Amino acid sequence: MLAAFLTVFVFVVLLMCRHKDIAEDVAENVEECRESLRSCPPGYPRHSAFLSNLANRLHSRFKQWESLSDLNEAIELHRAALELRTPGHSDRSMSLNNLATSLRDRFQQRGVIYDLNEAIELHRAALELRPLGNSARSTSLSNLATGLQERYHQQGVLSDIDEAIELHRAALLLCPSDDSDRSMSLNNLATSLRARFQQRGIVLDIDEAIELHRASLLLRPPGHSDRSVFLNNLALSLQDRFKQRGVPSDLDEAIVLHRAALELCPPGHSNRSTSLNNLATTLQYRFQQRDVLSDLDEAIELHRAALELRPTGHSHRSAFLDSLANSLRDKFQQQGVLSDLNEAIELHRAALELRPTGCSYRTSSLNNLAISLQVRFERLGAPSDLDEAIEFHRAALELRPPGNFERSTSLNNLTNSLRARFQLQGILSDLDETIELHRAALLLHPPGHSDRSASLSNLAMSLQVRFKQGGAPSDLDEAIEFHRAALELRPPGNSERSASLVNLANSLQSRFQQRSIPSDLDEVIELHRTALLLHPFGHSDRSASFTNLAMSLHDRFQQLGVLSDLDESIELHRVALNLRPTGHSHRSASLDSLANSLRDKFQQRGVLSDLDEAIELHRAALQLHSPGHSARSTTLNSLAACLQDRYHQRGVLSDLDESLELHFAAH
């Protein structure tokens, strides 16, 4: 054991000495360049070269130690060198490129969009000085494309990502199969296509991105220093495609690739924290799909490990705080341990403090904190949490103006919070605002957009709620049309089709109850039959589908008096009840519904056993409705009515006495 300890100790000492040597080498290089610059004062022919050399050394030191003062000085020196390299100077394009690269790095540190805008203009100017045939043209094409892609991620202007893709394609054409830069060009084009897919949802973009990532990975075989980065990029694209198509193999392959990338980033590797975070995020997503708790537990441990590698003062600490917080929120929603949610909220607050006004990532932190606060409101019911969530969602929306590709997400998040407050306080202005925000989100999801069906459904649901409040027929008619449009966009095989079938059926049933149009009810029944077919044995919504169909058939029986509808309704209610055993949250509702149908059957056919069974079912439901339960009074009245019916049949006074007592208790 002592030998093992000494071996580790010697390794650590050697590693520390190596880092010290590197730091000393970098410092010496910077000082040597400073001395050279002093020996070549302004006016000397090579003064611009010495300015550029010192700037490059400072930039390299910034890359290693992230000292912003080094980067700021490098930018000033690059500006000075550029001024000395006037139009026509042979090194002007290089100075333009160097200054642009440094400005882009400062943007990544500070998030000030002015730096990125200037970097893009400088890259454009450099590209103009590198025409077809120039050996550095592909580099300029890639640099300009990368800057435009970063601006797209900040401002969401689609023309930026479209131009970036065309520039990356042009750069790839200048990198033949044996070119050392081809792998990077393939990767850059794939990354920009993935970004466009995330906005427009065009499957061809993500398919092409994956194929390009696979091709670039082949050029980074085992042993290559960049292989872990390329494994990671392919994994991220596969994860995006899984979200679109839901093919489990894409998600599983993404996790395998992230694990492989992590193995190539051992402790001490500069990319280890990123690999830990990426694997954690993908495992967390698989947990959200399959509810395997071990995936979430592993994700949380990986996020904690990644955060430890991003200590206080690190430029990317805020992102890792948010990632850990999101996984803890998922764990709370799975296990209900409030300390997990409270920790998530504190982590989100810490991330937000690291993203002050002007930071390009502030909107993400505002959004994450708001979501967690709303989750805590749903658990504890504290209105202050919900009010704060709404304020944070409003602040995030203000930072995503028209044209920003994430504006629709902020619109939907704010609507969710406002709708929750309306349900709590009944303030109609909250519901009205919700509807207007849903309309705005729908405009951002035109025909062909992957999220259009969800926007149509959300707007329809809110209009339906307002109809229940105000009774305006136009709200209900509009809700029905939007539900129809959403259903058309969810063809057979779509995972949301059953939800759309039920939503449309519910809105048509509301219209039937208002206007008594038989065709509406007939359509309701057919929609529920179709939804039931999508909920086979073992499906969590199967009992609800039986109940929905049974209720709509019961409604048609009450309108038309067709006994076959009532008989089918009773059989369906029996099946639903069997699927809701003792302890099921909806068992009491099934007991009452079956009892009501049996009482109707008794009133039609006079078979006393039907009434006896109805009474026993209502008694069983009443036992599940303790004092204070919202449905207790209804069950008391229903049981009382059945007992009164039996008194009229048999004349047993105890039935009448109990009936009167139950009616009195109900009121």
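**Ground rules**

I number residues from 1 along each chain as its sequence is written, and I use heavy atoms for side-chain values, leaving out hydrogens and water. The model is predicted, so I kept to its limits: local features need pLDDT of at least 70, side-chain atom pairs count only at pLDDT 80 or more, and totals for chains, interfaces and linings use all residues.

**Entry 1: the whole chain**

I looked up the secondary structure first. The protein has 29 helices and zero strands. Both are DSSP runs numbered from the N terminus: H or I of at least four residues for helices, E of at least two for strands.

Next I checked the overall dimensions. The C-alpha trace spans about 120 × 65 × 45 Å along its principal axes. The radius of gyration is 33 Å, while a compact globule of 667 residues would have one near 26 Å. That radius is taken over C-alpha atoms, and the globule rule is 2.2 Å times the number of residues to the power 0.38.

I then looked at burial. Of the 667 residues, 48% count as buried. Buried means under 20% relative accessible area, exposed means over 50%, and partly exposed is in between, with a 1.4 Å probe and protein chains only.

Contacts came last. Among those with a separation of 6 or more, 56% join residues 24 or more positions apart. A contact means heavy atoms within 4.5 Å.

**Entry 2: α12 and α13**

I turned to helix packing. The axes of α12 and α13 come within 8 Å and cross at roughly 160°. Axes are lines fitted to C-alpha atoms, for helices over the stretch in contact, and angles run from 0 to 180 degrees between N-to-C directions. α12 is therefore roughly antiparallel to α13. The cut-offs are under 35 degrees for roughly parallel, over 145 for roughly antiparallel and 65 to 115 for roughly perpendicular, with the rest oblique.

The crossing of α12 and α13 is left-handed. That term applies if the near helix is turned anticlockwise from the far one by less than a right angle; clockwise is right-handed.

I listed the contact residues. On α12 they include Leu276, Leu279, Leu283 and Phe287, and on α13 they include Leu293, Leu296, Leu302 and His303. By class, this contact has eleven nonpolar, five polar and three charged residues. Ala, Val, Leu, Ile, Met, Phe, Trp, Tyr, Cys and Pro count as nonpolar, Asp, Glu, Lys and Arg as charged, and the others, Gly among them, as polar.

I also checked the loop between α12 (272-290) and α13 (293-308), where aspartate 291 is found. Aspartate 291 has a positive phi of about 60° although it is not a glycine.

**Entry 3: α26 and α27**

I moved on to α26 (residues 587-605) and α27 (residues 608-623). Their axes come within 8 Å and cross at roughly 160°. α26 and α27 are therefore roughly antiparallel. Their crossing is left-handed. Leu591, Leu594, Leu598 and Phe602 are among the α26 residues in the contact, and Leu608, Leu611, Leu617 and His618 are among those of α27. The classes come to eleven nonpolar, three polar and five charged.

**Entry 4: α19 and α20**

I checked a third pair. Helix α19 (residues 428-443) packs on helix α20 (residues 452-470) at about 155°, with the axes 9 Å apart. α19 is thus roughly antiparallel to α20. Here too I noted a left-handed crossing. The α19 side includes Leu431, Ile435 and His438, and the α20 side includes Leu456, Leu459 and Val465. This contact divides into nine nonpolar, six polar and four charged residues.

Serine 516 sits in the loop between α22 (497-515) and α23 (518-533). Its phi is near 60°, a positive value in a residue other than glycine. Serine 516 is partly exposed, at 44% relative accessible area.

Glutamate 406 is in the loop between α17 (383-398) and α18 (407-425). Glutamate 406 is partly exposed, at 30%. Its C-alpha is 9.9 Å from that of alanine 396, ten residues apart along the chain.

Arginine 137 lies in helix α6 (residues 137-155). Leaving aside residues up to four places away in sequence, arginine 137 touches Leu127, Arg130, Pro131, Leu132 and Leu174. Alanine 171 is 34 residues from arginine 137 in sequence, and their C-alpha atoms are 7.8 Å apart.
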